[in-house]
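Please examine the structure shown below.

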Amino acid sequence: MRSPAEPLAFTLNGKAVTLHADPARRLADLLRDDLGLTGTKIGCNAGDCGACTVLLDGAQMCACLIPAARVAGCTVTTVEGLADGATLAPLQAAFLRHGAAQCGICTPGMLMAASDLLAHTPAPTEAEVLDALGGVLCRCTGYRKIVDAVLDVAGTSAPVMPDATRAVGARLAKVDGAAKLTGAEKFGADALPAEAFLTLRAVRSPHPHARFTLGNFAALHAKHPGLARVLTAADIPGRNLYGIYPTGKDQPVLAEGYVRHRGEAVCALVGDAETIAAIGDADLPIVWDVLPPVTFDTGGPDLHAHAPDNVLCRGRVARGDPDAGFSAATAYARIAVRTGFVEHAYIEPEAGYARRVGDRMEIFACTQTPYMDRDELGPILGIAPEQVRVVPTAVGGGFGGKLDLSMQPLACVAAWLLHRPVRMVYTRPESMAATTKRHPSRIVAEAAADAAGHLTAFRFHGDFDTGAYASWGPTVANRVPVHATGPYSVPNVLCTTAAIHTTNPPSGAFRGFGVPQAAIAGEALLDELAAQIGIDPWEIRRRNALGVGGVTATGQVLGAGAALPECLDAIRSRWDALRLEAAAFNECHKSLLRRGVGIACMWYGIGNTSLANPSEMVMGITRDGRAVLFSGAVDIGQGSNTIMMQIAADALGIPVADLGLVAGDTDRTRDAGKTSASRQTFVSGNAAKRAGEALRANILRRVNAGGEATIVLRGGRIHVRHDGGEAVLDPAPLEADAEGIVLSGSGTFDPPTTVLDADGQGIPYASYAFAAQIALVEVDVSLGTVRVLRIVAAHDVGRAINPTQVEGQIHGGIAQGLGLALMEEFVPGRTENLHDYLIPTIGDIPPIETILVEHADPLGPYGAKGVGEPALVATAPAILNAIAHATGARITHVPATPARVLAALNGEDA
Ligand code: FES
Ligand code: FES
């Protein structure tokens, strides 16, 4: 055994390294903290996620599980060792071409696992790729483009080359892709202050519901000189409450003697990292008075004075006469559905640091919403929002979970009070225990149709467990009634919701805001009605599909671009073929395996529900003749940096390669709203287009050129070709602003919507995305296991600004929909890690056929709509309908775990 005094020598990325290290220190920490190689990521620190995968003597290993002593005399290769200087390795280049990195946090691990495979199997089969990469989790991509990239580097699939001739519509590689592939990208835990900093750890409640008292911390300070401060609620300089809605500031930064969920922070330790790590929760003077939990089923005392009976809020959409619609019907179906907690499980736990600069606060952290963070942090600190600067780091997945504040308030309060930079990195269990989830739901829905299969009435009520605090509960309560009918024409509707407080962790925003849960109920009803009437499940959807001129449950008449009928038509031949294929399989295999094919449709309103959600963008020309887009839209992996650049470049009329990007920083960019509600392409994309057009008009006006002129940036000058000649504009002598911009254009866009009346009537969204998906599944009726064999997904995207990225969003959404349907269920206190909480692995995702239906939305930038959330909504109901088709058993409690499938097969409550 090596002693700590003995130097540790090994070869790292081809170079000899010798250093002193604790032999028990984790290799991941050694690489990141001691050697500065932050390309190796930490997603769990427990061997579950594979983000830390490196090569040890050529074999893939989890660096978080390897003690430093183990690498003595060995060769270690990290992601930083793959590229040859500025030239990407072929594998990295393949990832870039295929859009195989979205947020990029899993990418180093994926690359290292694939490198191991390719070193000894240069031309692997798909099965070998799935096997080799099976230990690395990705929450964004749905894995299919990763598989394509690995197969492509081996020369067994066609390359997808960037096309830069015209930006909109081109499969351009991500503008920020290379940094994700080399390990250079700085995520929340990678960004460190230049100065010496303190570390903060929150102390959290182990109980879902309790009162507590904090004792005297003097003894703790005496014992631990490295402990700089223990923060309690009394230390919050401003308002010890925050929340998403102006009326919903109900969540304390630090609890004041009373906790409403397990994982709620009660105090925080600030000091040097070793000291903080050495202090256990049991060392702290906290006395707990444990109270009975308040659950969805049991109820309990009111958790907030402003929410009688624990009802945070209600939602409602009513149209026509539902009773008459049900009376007149030929077919009637009813279903009661339950869905569980779903955890975002982004691979990057929340992380960042804060520093005080005079009377201003700067926070560098992963976030989906810098301006909302700024506006919340100011009051918490007791300063104006403008005194707070939010600089988003790269975000290792968000999916709605990084819309709420997490580590930011505590780090900011500590840095503010101590005048020292303060860093905070959530552990995986902390991330899972303390942050928001998808709302569990309890839904009852009824639908009726006439003999021709036309829907006559729909009634729906959904209770949503919004947990301890409001977070995005009102959004779910308001969005669901609008969408509950599904994308179908129904003349008589009553849809209601309630968001209910419990002592669970807060439910918040998660890709779909309750619509995926509602779709599970609605799409099951469609199948049941079709069966009663004797028509095909595809047919009943086609007969009722909302298209151009269709009237929604809120009375909105859909305009051009509503393309569900076209989505259904696009999958018709696959539907017929797969149903025949499944029937043939079941006929031939009189075994315990049964195959089924399910279909589901979805619609999704883009942007906020009947609320203003403007974006503003600025483009400019610098004194040295460069074009720059200043975009406040945060790219959380979905690719908005690239999409904004493509739109802005075409609007100005220059190649993307000639355009620079400043992204996110609240001191440097205007407010582009939150990265949420699938709004960035549609809303911020319109703002980017208008900014590009404004800058173009500004330039052309200066040289008296008409709109058809061509702009070329070359040699520090702006060349404008028009009317057979060329004018040259020299920006150097022009007066520059603080960003060095001499010519600029700005653009804003706010989707035109109206306030809904008491019956929910009005125009909640300016644009809707539609989709139809098919799932082919195989059910083992003896085990209750379900394998998804294939997905076909036709999505109405208006216009695909970047088809590769759109496909990637659809793949990723489908993977999360599969998890929702079959395996994901968060249980506080029991599944707070990536070992017990299962998300789909590379082996769970079947081949996905993606069909992009492009009917330009007249309001969209170049016709585009959002796709981030629409990608997920139809998948779970399609899978559940496929299980019912395969077995005759209807699953009404998701996820459809083997136990629930077996129960349903036995006719028990599932
Ligand atoms: S960080 Fe090592 S496996 Fe997750
Ligand atoms: S790209 Fe894989 S986790 Fe985000």
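Angles between axes under 35 degrees count as roughly parallel, over 145 as roughly antiparallel, 65 to 115 as roughly perpendicular and the rest as oblique. This is a predicted model, in which local features need pLDDT of at least 70, side-chain atom pairs count only at pLDDT 80 or more, and totals for chains, interfaces and linings use all residues. Residues are numbered from 1 along each chain as its sequence is written, and side-chain values use heavy atoms, with hydrogens and water left out.

Helix 2 (residues 90-98) packs against helix 3 (residues 107-120) at an angle of about 130°, the axes lying 10 Å apart. The two helices, helix 2 and helix 3, are therefore oblique to each other. Leu91, Gln92 and Phe95 of helix 2 make the contact (heavy atoms within 4.5 Å) with residues of helix 3 that include Met110, Leu111 and Leu118.

Phe95 also belongs to the largest nonpolar core, which has 168 residues. Such a core is a set of buried Ala, Val, Leu, Ile, Met, Phe, Trp, Tyr and Cys residues joined through side-chain atoms within 4.5 Å, where buried means under 20% relative accessible area (1.4 Å probe, protein chains only). Helix 14 (residues 515-533) gives the most to this core, with eleven residues. A second, separate core of 40 residues includes Met617 and Ala727.

Helix 13 (residues 473-483) has ten of its eleven residues buried, so it is largely enclosed by the rest of the structure. Among the elements covering the buried residues of helix 13 are strand 12 (311-319), strand 22 (493-501) and helix 14.

Conventions:
Chains are lettered from A and ligands numbered from 1 in the order in which they are written. Buried means under 20% relative accessible area, exposed over 50%, partly exposed in between (1.4 Å probe, protein chains only). Helices (H or I, at least four residues) and strands (E, at least two) are DSSP runs, numbered from the N terminus. Axes are lines fitted to C-alpha atoms, for helices over the stretch in contact, and angles run from 0 to 180 degrees between N-to-C directions.
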